[in-house]
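Student: Please take a close look at one residue with me. Then link its surroundings to the rest of the chain. Keep it brisk.

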Amino acid sequence: MELGFFDGEFISMEERRVQLEDRGYQFGDGIYEATHVYNGKCFALDRHLARCRRSLRELRIPITYMDEELIAIHEDLIKKSGIKNGVIYFQITRGVAKRSHAFPESVVPLLSMTIRESKTNTKWQAEGISCTLFEDIRWLRCDIKTLNLLGNVLAKQASHDKNLQGTIQYRKDTNLITEGSSSNFFVVKDGVIWTHPISNLILKGVTRSILVEEIIPKLGYTLVEKAFSPEFARYADEAFATSTSLEVTPVVSLDGTTIGDGKPGEITKALLASYHELVKKECGALS
Ligand code: PDD
């Protein structure tokens with residue numbers, strides 16, 4: 001059963017609670033996280049909570065929750081909803097105040113959450129997805145996971161309009177790929193794995209971090225965190241996108257060009273298998 005949490009209470013998803021002058025609603029003034037629930041347990045919640053804290057700090061939103069509280073609410077949502085496999089979305093806005101751009105004083109941030117059933121798209125993982133390229137028109141703090149997602153929304157719609165499964169963004173001034181509309185992007189060329197370095201231009205994905213810090217060193221592959229052009233990506237041997245929901249999903253075509261032999265690559269498949277092993281270790285099972 002889908003379930004919501006708003007301002008300290010568990011509520012049904014149908015219940016209307018948003019306050020007209022919530023700054024998240026009026027300014028997109030807030031942050032969010034999305035975590036994956038496998039077998040009734042949240043995967044990599046510690047990494048998500050660390051990123052949440054960083055986002056709040058960067059936006060100077062007061063931190064009014066301890067990690068233990070947030071962990072307990074995540075566990076309660078899972079238990080009360082009965083959902084074993086799904087996604088928990090949580091957001092914290094700067095709070096409710098009379099509309100005025102500058103930060104309001106003495107306002108307590110507002111936490112809301114939802115849990116929904118969802119499953120990883122295993123067909124996409126087995127066959128790979130086709131992506132379009134789209135100019136990255138987002139602001140210059142893409143490292144903060146804010147509620148302002150219009151650039152990402154327009155990017156994602158570009159692939160929907162073409163009946164494709166994903167969008168990869170590039171900056172026009174440098175002709176360099178940054179990331180997907182809601183994923184990080186990697187290519188493999190001559191056995192070397194490439195991805196955009198951590199900077200203000202990309203989100204430091206939890207899945208990306210797990211690959212870079214744990215899985216890639218364990219499997220012994222060479223990784224370079226260096227930006228590359230769309231042309232380099234088109235002629236890569238393999239490509240893949242990573243996110244909480246995609247896990248490691250092969251990209252087999254980019255802007256109409258087939259990547260490699262058009263099938264998920266060997267390194268991509270090894271990374272996905274290793275990611276699944278980690279999930280099983282932490283959550284007990286994949287579903
Ligand atoms: N998005 N880059 C962007 C722009 C994202 O929005 C996301 C995640 C990622 C991957 O981050 P992670 O591995 O921590 O999920 C990269 C989530 C899934 C969303 O918007 O729902």
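Tutor: Start with Ser-274. Leaving aside residues up to four places away in sequence, Ser-274 touches Ile-215, Lys-218 and Leu-219. Touching, or contact, means heavy atoms within 4.5 Å. This is a predicted model, where local features need pLDDT of at least 70 and side-chain atom pairs count only at pLDDT 80 or more, while totals for chains, interfaces and linings use all residues. Residues are numbered from 1 along each chain as its sequence is written, and side-chain values use heavy atoms, with hydrogens and water left out.

Where does Ser-274 sit? Its place is in helix α8, residues 266–283. Helices (H or I, at least four residues) and strands (E, at least two) are DSSP runs, numbered from the N terminus. Ser-274 is buried, because its relative accessible area is 6%. Buried means under 20% relative accessible area, exposed means over 50%, and partly exposed lies in between, using a 1.4 Å probe and protein chains only.

Now step back to the domains. The chain is divided into domain 1 (3–117) and domain 2 (122–283). These bounds come from an automatic or database domain assignment. The two centres, taken over C-alpha atoms, are 26 Å apart. Domain 1 gives 27 residues to the contact, and domain 2 gives 24 residues.

Next, look at strand β8, residues 166–171. Six of its six residues are buried. Side chains in a regular strand alternate between the two faces of the sheet. In β8, Gly-166, Ile-168 and Tyr-170 are buried on one side. Thr-167, Gln-169 and Arg-171 are buried on the other.

What are the neighbours of β8? Strand β7 (residues 129–135) runs parallel to β8, joined by five bridges. Two strands pair if DSSP finds at least two bridges between them. Phe-134 stands opposite Gln-169 of β8. From β7 the chain passes through helix α5 (residues 150–161) to β8, in a right-handed β-α-β crossover. Right-handed means that, with the strands pointing away from the viewer, the path from the first strand over the helix to the second runs clockwise. Strand β9 (residues 176–180) runs antiparallel to β8, with three bridges. There, Tyr-170 has Ile-177 as its bridge partner. The hairpin of β8 and β9 has four residues between the strands, and Asn-175 in this hairpin takes a positive phi near 55°.

Now turn to the sheet of six strands. It is open, its pairing is antiparallel, and its order is β2-β1-β6-β5-β3-β4. The edge strands β2 (9–11) and β4 (41–42) each pair on one side only. Eight bridges join β5 and β6 in the antiparallel sense.

Then comes the core. A nonpolar core is a set of buried Ala, Val, Leu, Ile, Met, Phe, Trp, Tyr and Cys residues joined through side-chain atoms within 4.5 Å. The largest has 24 residues, and Ile-88, Phe-90, Ile-92, Leu-111, Met-113 and Ile-115 touch the most other members. Elements giving it two or more residues include β1 (3–6), α3 (67–81), β5 (86–93) and β6 (110–117). Beyond four places in sequence, Ile-115 touches Leu-3, Met-13, Leu-77 and Ile-88, among others. A second, separate core has 21 residues, including Ile-210, Val-248, Leu-272 and Cys-283.

Finish with the loops. Most residues other than glycine have a negative phi. Asn-39 is not a glycine, yet its phi is positive, about 55°. Asn-39 lies in the loop between β3 and β4, and at 25% relative accessibility it counts as partly exposed. Ser-106 also has a positive phi, near 55°. Ser-106 lies in the loop between β5 and β6 and, at 78% relative accessibility, counts as exposed. Pro-62 is in the loop between α2 and α3. Pro-62 is partly exposed, at 41%. From Pro-62 to Glu-127 is 65 residues in sequence and 44 Å in space, C-alpha to C-alpha.
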